[in-house]
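This report covers strand pairing, nonpolar cores and helix packing in one protein model. The sequence and structure come next.

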Amino acid sequence: MNEIVLMADAKIAAIPVADCGEPLVDVRLQDSLVVDSRKTDRSGAFAHLREGVLIRLLEAQKLLPEGVRLLFIEGYRPPALQRFYFERYADSLRADNPGWSPIRVREAASRYVSPPEIAPHSAGAAVDLTLISATGRELDMGTRVNASPEESDGACYTDAAGVGSEARANRRVLGDVLTAAGLVNYPTEWWHWSYGDRYWAFQADADSARYGPRELR
């Protein structure tokens, strides 16, 4: 496995943001995209993405084999919610590893939850998703969506060793179509893909990110 650059790496934070001002749009208005309800919130924030991300997501879906579809789990995440998730996970790591330094806790936490000031979800640039069959059955991906490194014993990493052949093949299908559409993967989470954020800029060697954190109006 290639060395993984984490969200907490200074190289990611150093990438400037030149927000293009693109709106957040509700993906539920697209009849062709299946939206899961597990992350539903009162405002419907979870179902929003930047317009350019949604366009690319729909392009990726067209590339899937017959009988396979994308299942949208979560897109936009308000900055306050992102901060809550990050601090809660960091607190659990700190409690389980009292000898860890603050820097180590931050780095370890960023394997699973992005630091709030960098978070692609809070920019409307990231989407968590998986694959389903024509009948709506989730395909075997090796772990559940949002399985932590601790829960999955590292199997949540996109290229994790020991993942079954069927799950590996399904991850490859997911990755091939999303990559072809211009999205990039966060390699500690097979389900997390983004476009236009700082991590995308890092992987795509872009001068700046297109989208920065914002509030849903």
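A helix crossing is left-handed if the near helix is turned anticlockwise from the far one by less than a right angle, and right-handed if clockwise. The crossing of α3 and α4 is right-handed. Helices (H or I, at least four residues) and strands (E, at least two) are DSSP runs, numbered from the N terminus.

The model is predicted: local features need pLDDT of at least 70, side-chain atom pairs count only at pLDDT 80 or more, and totals for chains, interfaces and linings use all residues. Residues are numbered from 1 along each chain as its sequence is written, and side-chain values use heavy atoms, with hydrogens and water left out.

**Helices α3 and α4**

The axes of α3 (residues 79-96) and α4 (residues 102-109) come within 9 Å and cross at roughly 125 degrees. Axes are lines fitted to C-alpha atoms, for helices over the stretch in contact, and angles run from 0 to 180 degrees between N-to-C directions. Phe86, Tyr89, Ala90, Leu93 and Arg94 of α3 meet Val105, Arg106, Ala108 and Ala109 of α4; contact means heavy atoms within 4.5 Å.

**The sheet**

Five strands form an open sheet with mixed pairing, in the order β2-β4-β5-β7-β6. Because β2 and β6 (184-185) stand at the edges with a single partner strand each, one side of each has no neighbour in the sheet. Two strands pair if DSSP finds at least two bridges between them.

| Strand pair | Sense | Bridges |
|---|---|---|
| β2 (residues 34-35) and β4 | parallel | two bridges |
| β4 and β5 (residues 126-133) | antiparallel | six bridges |
| β6 and β7 (residues 192-194) | antiparallel | two bridges |

Valine 35 has phenylalanine 72 as its bridge partner in β4. Leucine 70 is opposite leucine 131 in β5, and asparagine 185 is opposite tryptophan 193 in β7.

Strand β4 (residues 68-74) is largely enclosed by the rest of the structure, because six of its seven residues are buried (under 20% relative accessible area, 1.4 Å probe, protein chains only). Helix α2 lies across β4 and β5, at about 150 degrees to β4. Helix α6 lies across β4, β5 and β7, at about 130 degrees to β5.

**Nonpolar cores**

A nonpolar core is a set of buried Ala, Val, Leu, Ile, Met, Phe, Trp, Tyr and Cys residues joined through side-chain atoms within 4.5 Å. The largest has 45 residues, and Leu57, Leu174 and Leu178 have the most contacts inside it. At least two residues of this core come from each of α2 (51-62), β4, β5, α6 (165-180) and α7 (198-204). Another core, of nine residues, lies apart from it and includes Tyr85, Tyr89, Val105 and Val113.

Technical notes: Buried < 20%, exposed > 50% of the residue type's maximum accessible area, 1.4 Å probe, protein only.
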